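This report sets out the overall form of the protein chain and then turns to one residue and its surroundings.

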Amino acid sequence: MWATDNFQHLFDPDSALIVELSKLLPNARPVRATYFAKSLKDNWSIGWHQDRVIAVKERVEAKGFANWTKKSGVWHCEPPQRFLDNSTFIRIFLDDETAERGAMQFLPRSHPTKIEGQNAIDECLSEREPQTTTAKRGDVFVAKMTLVHKSLPSKSETPRRVLRIDFCDQDLPPGLDWALTA
């Protein structure tokens with residue numbers, strides 16, 4: 001569920017959340033927030049992939065920004081690689097997370113290379129052992145945005161909620177604005 005606007009108040013530069021996260025990610029600012037609520041009723045799985053898009057306020061043609069889509073009313077595009085290289089996401093677990101409850105799996109150290117196509121994913125899988133996020137409510141998971149990962153379906157009656165916040169330390173070119181701004 002794309003929900004950047006619903007969390008705008010959490011990202012005031014003086015909020016306790018941003019002050020603490022700034023210690024982890026100096027010079028980076030929050031640029032997108034997504035709330036995931038997975039249960040047997042609202043369930044999904046997503047195959048292995050890298051997140052290679054950013055969320056912006058509106059579509060503005062700029063050199064190197066391509067593959068424009070609109071998801072839940074928010075414009076997304078694939079930026080030049082330097083933006084992805086300087087982006088990190090944080091997952092804040094609002095509930096316990098286990099494989100049974102639709103956890104995320106990831107391939108450690110898979111972020112430095114652009115992974116395109118099933119052959120590249122298969123090669124990455126042959127070189128790395130997939131890890132499954134298991135977390136307690138309140139835990140935080142920090143990773144580079146291009147970490148190869150997938151989402152398992154939930155097999156539990158108990159819901160699993162996560163708040164994901166993307167951070168970047170790069171300014172967008174004139175005319176483009178991050179979807180989430182303080």
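## Overall form and a buried aspartate

The protein chain has a radius of gyration of 16 Å, which agrees with the value near 16 Å that a compact globule of 182 residues would have; the radius is taken over C-alpha atoms, and the globule rule is 2.2 Å times the number of residues to the power 0.38. This is a predicted model, in which local features need pLDDT of at least 70, side-chain atom pairs count only at pLDDT 80 or more, and totals for chains, interfaces and linings use all residues. Residues are numbered from 1 along each chain as its sequence is written, and side-chain values use heavy atoms, with hydrogens and water left out.

Along the principal axes, the C-alpha atoms fill a box of roughly 45 × 40 × 30 Å. Three helices and eleven strands make up the secondary structure listed for the protein chain (DSSP runs: H or I of at least four residues, E of at least two). Of the 182 residues, 46% count as buried (under 20% relative accessible area, 1.4 Å probe, protein chains only).

Asp166 lies in strand β11, residues 160-168. Because its relative accessibility is 3%, Asp166 counts as buried. Its side chain takes part in the following polar contacts (pairs of N or O atoms within 3.5 Å, one able to donate a hydrogen and the other to accept it).

| Side-chain pair | Polar contact |
|---|---|
| Asp166 and Arg32 | 2.7 Å |
| Asp166 and Arg164 | 2.7 Å |

Leaving aside neighbours within four places in sequence, the residues in contact with Asp166 include Arg29, Arg32, Phe89 and Met145 (heavy atoms within 4.5 Å).

Note on methods: Buried < 20%, exposed > 50% of the residue type's maximum accessible area, 1.4 Å probe, protein only.
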